[in-house]
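Work through the following exercises with the coordinates open beside you, and try each task before you read its solution.

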Amino acid sequence: MISTLLLAISFVPSSGSSDLLDHAFAQWKATPEMRIEDAYKWLFHATLGGEHAVQDVNSPRNWMDSEWASLELSEQDEPEVVKLTPDGSVLRVNLRPYKDRGGNKEMLLWAFVFSAERFKANKSVFRNAWNNLGDRLSVASQGHVTRKEWQRLDEETHALGYPAIHHSRQYEQKYKPAYRVVLGEIWSAGI
């Protein structure tokens, strides 16, 4: 029933970049080790989804199987779900707390792949949010997320067409991110 209902879902991001940044800045306060790479990745996922991680049929499954097998128990304060957009239309599902509560790996894999396939990515939406972040950082930094670092990363990524990137080393060490990006509609359907 869920798969029949969801076949018609086609997602196009609707949040304006100002609302998205207001939401992101509030969320980023909980992650003081966040760097500009992590802010970029947040905005990338919020505006472009997880499509970049689904290159072929086997990659998402192999990645999930490997990561799932190596997961440690979640930290007490690690949320299972994080809203990447203010309206919750794009979510980050953290694997550790999801697994700890008995979440179904296959269902999450399906939700991730299905979300990636249904997301109507538009790079200009990301670029708009990214440039607006640069403008905001001209006024005030957000912890380690600074205008100077924004300029450095913008120079690196602009030349490559703003590709998907990895989290910063500091973020990786502190938070050990393990998650999948899914559409809120799919998650609320009972994954």
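**Exercise 1: the largest pocket**

The largest pocket of this predicted model has a volume of about 620 Å³. Determine which residues lie closest to the centre of the largest pocket, which elements contribute to its lining, and how the lining divides by class.

Solution. Begin with the lining itself, which comprises 26 residues, and pick out those closest to the centre of the pocket, namely Thr31, Asp77, Glu78, Pro79 and Tyr175. Next, assign the lining to secondary structure: two or more residues come from each of α2 (17-28), β1 (81-83), β2 (90-94) and α9 (169-175). Finally, sort the lining by class, which gives 14 nonpolar, three polar and nine charged residues.

**Exercise 2: the largest nonpolar core**

Identify the residues of the largest nonpolar core that touch the most other members, and then list the contacts of leucine 43 beyond four places in sequence.

Solution. The core holds 48 residues, among which Ile36, Leu43, Trp130 and Leu133 touch the most other members. Helix α3 (residues 36-48) supplies the largest share of this core, with eight residues. Once residues up to four places away in sequence are set aside, leucine 43 touches Leu20, Leu21, Phe126, Ala129, Trp130 and Leu133, taking heavy atoms within 4.5 Å as the criterion.

**Exercise 3: threonine 146**

Locate threonine 146 and describe its surroundings.

Solution. Threonine 146 sits in the loop that runs between α7 (123-139) and α8 (147-158). Its contacts, leaving out neighbours within four places in sequence, are Ile36, Leu137 and Ser141.

Terms used:
Residues are numbered from 1 along each chain as its sequence is written. This is a predicted model: local features need pLDDT of at least 70, side-chain atom pairs count only at pLDDT 80 or more; totals for chains, interfaces and linings use all residues. Side-chain values use heavy atoms; hydrogens and water are left out. A nonpolar core is a set of buried Ala, Val, Leu, Ile, Met, Phe, Trp, Tyr and Cys residues joined through side-chain atoms within 4.5 Å. Buried means under 20% relative accessible area, exposed over 50%, partly exposed in between (1.4 Å probe, protein chains only). Helices (H or I, at least four residues) and strands (E, at least two) are DSSP runs, numbered from the N terminus. On a 1 Å grid over the protein atoms alone, a cavity is a set of points where a 1.4 Å probe fits but cannot get out, and a pocket is an open set with protein on both sides within 12 Å along at least five of seven lines; lining residues have an atom within 4 Å of a point. Grid points are joined across faces, edges and corners, and a volume is the space filled by probe spheres set on the points. Ala, Val, Leu, Ile, Met, Phe, Trp, Tyr, Cys and Pro count as nonpolar, Asp, Glu, Lys and Arg as charged, and the others, Gly among them, as polar.
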